[in-house]
Amino acid sequence: MSTIRPLGDRVFVEPVEEAVEQKGGIYLPDTAREKPLKAKVISVGPGRRDDSGKLIPMEVKAGEFVLTSKYGGTEIKIDDKTYKILSSSDILAVVEG
């Protein structure tokens with residue numbers, strides 16, 4: 001895979017599929033399942049600039065797991081894998097532990 005370096009306050013993540021749990025033997029097709037909210041951060045941009053031009057660094061770093069907004073970001077496919085490029089405002093929390 002090529003190296004992807006996001007610009008500004010954007011974050012490049014790989015969505016983490018949670019284990020599919022079938023209750024009562026009912027099969028849920030991929031289109032009926034909710035999109036994953038948990039993702040692994042692959043790379044981050046340098047941060048955003050405030051009105052005076054000062055760089056505000058990113059709050060997340062590569063390797064961390066985060067919770068993202070359900071429909072935020074742009075999905076891209078590279079080598080048959082799905083990734084997302086999100087704005088830092090689409091990241092809701094860092095998963096610790």
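These are my notebook entries on a predicted model of one protein.

**Entry 1: overall make-up**

I began with the secondary structure. I found zero helices and eight strands in the protein. Reading along the sequence, I wrote down the pattern β-β-β-β-β-β-β-β. The protein has 97 residues, and 23% of them count as buried. I then looked up contacts between residues at least 6 apart in sequence, and 63% of these join residues at least 24 apart.

**Entry 2: the six-stranded sheet**

Next I asked in what order the strands of the open sheet lie. The order of the six strands is β6-β7-β1-β2-β5-β8, and the pairing is antiparallel. I noted that β6 (74–78) and β8 (91–95) are at the edges; each has a single partner strand, so one side of each has no neighbour in the sheet. On average, neighbouring strands of this sheet are turned by 40° against each other, with direction ignored. As background, I recalled that strands of a sheet pair through backbone hydrogen bonds, in either a parallel or an antiparallel way.

**Entry 3: the pairs, one by one**

Five bridges join β6 to β7, and the two strands run antiparallel. I picked out I76, whose bridge partner in β7 is Y83.

Strand β7 (residues 81–87) also pairs with β1 (residues 10–15), in the antiparallel sense and over four bridges. Here I noted V13, which has K84 in β7 as its bridge partner.

Further along the sheet, strand β2 (residues 38–44) is joined to β5 by three bridges, again antiparallel. K40 has F65 in β5 as its bridge partner. Between β5 and β8 I counted four bridges, and these strands run antiparallel too. F65 turns up again in this pair, with V95 as its bridge partner in β8.

**Entry 4: the two faces of β5**

Which residues of β5 are on the covered face, and which on the uncovered one? In this strand (residues 65–68), V66 and T68 make up the covered face, while F65 and L67 make up the uncovered one.

**Entry 5: the turn between β6 and β7**

I returned to β6 and β7, which form a hairpin with two residues between them. My reminder on backbone angles was that most residues other than glycine have a negative phi. D79, in the loop between β6 and β7, has a positive phi of about 50° although it is not a glycine. D80 is found in the loop between β6 and β7 as well, and its phi is positive at about 65°, although D80 is not a glycine either.

Are these residues buried or exposed? The cut-off for exposed is over 50% relative accessible area. D79 has 59% relative accessibility, so it counts as exposed. D80 has 78%, so it counts as exposed too.

**Entry 6: the second largest pocket**

Last, I looked at the second largest pocket, which has a volume of about 240 Å³. How many residues line this pocket? There are 14 lining residues, and M58, E59, V60, S88 and S89 lie nearest the centre. Strand β8 gives the largest share of the lining, four residues. Sorted by class, the lining has eight nonpolar, three polar and three charged residues. I note that this β8 is the edge strand from Entry 2.

Conventions:
Residues are numbered from 1 along each chain as its sequence is written. This is a predicted model: local features need pLDDT of at least 70, side-chain atom pairs count only at pLDDT 80 or more; totals for chains, interfaces and linings use all residues. Side-chain values use heavy atoms; hydrogens and water are left out. Two strands pair if DSSP finds at least two bridges between them. Axes are lines fitted to C-alpha atoms, for helices over the stretch in contact, and angles run from 0 to 180 degrees between N-to-C directions. On a 1 Å grid over the protein atoms alone, a cavity is a set of points where a 1.4 Å probe fits but cannot get out, and a pocket is an open set with protein on both sides within 12 Å along at least five of seven lines; lining residues have an atom within 4 Å of a point. Grid points are joined across faces, edges and corners, and a volume is the space filled by probe spheres set on the points. Ala, Val, Leu, Ile, Met, Phe, Trp, Tyr, Cys and Pro count as nonpolar, Asp, Glu, Lys and Arg as charged, and the others, Gly among them, as polar. Buried means under 20% relative accessible area, exposed over 50%, partly exposed in between (1.4 Å probe, protein chains only). Contact means heavy atoms within 4.5 Å.
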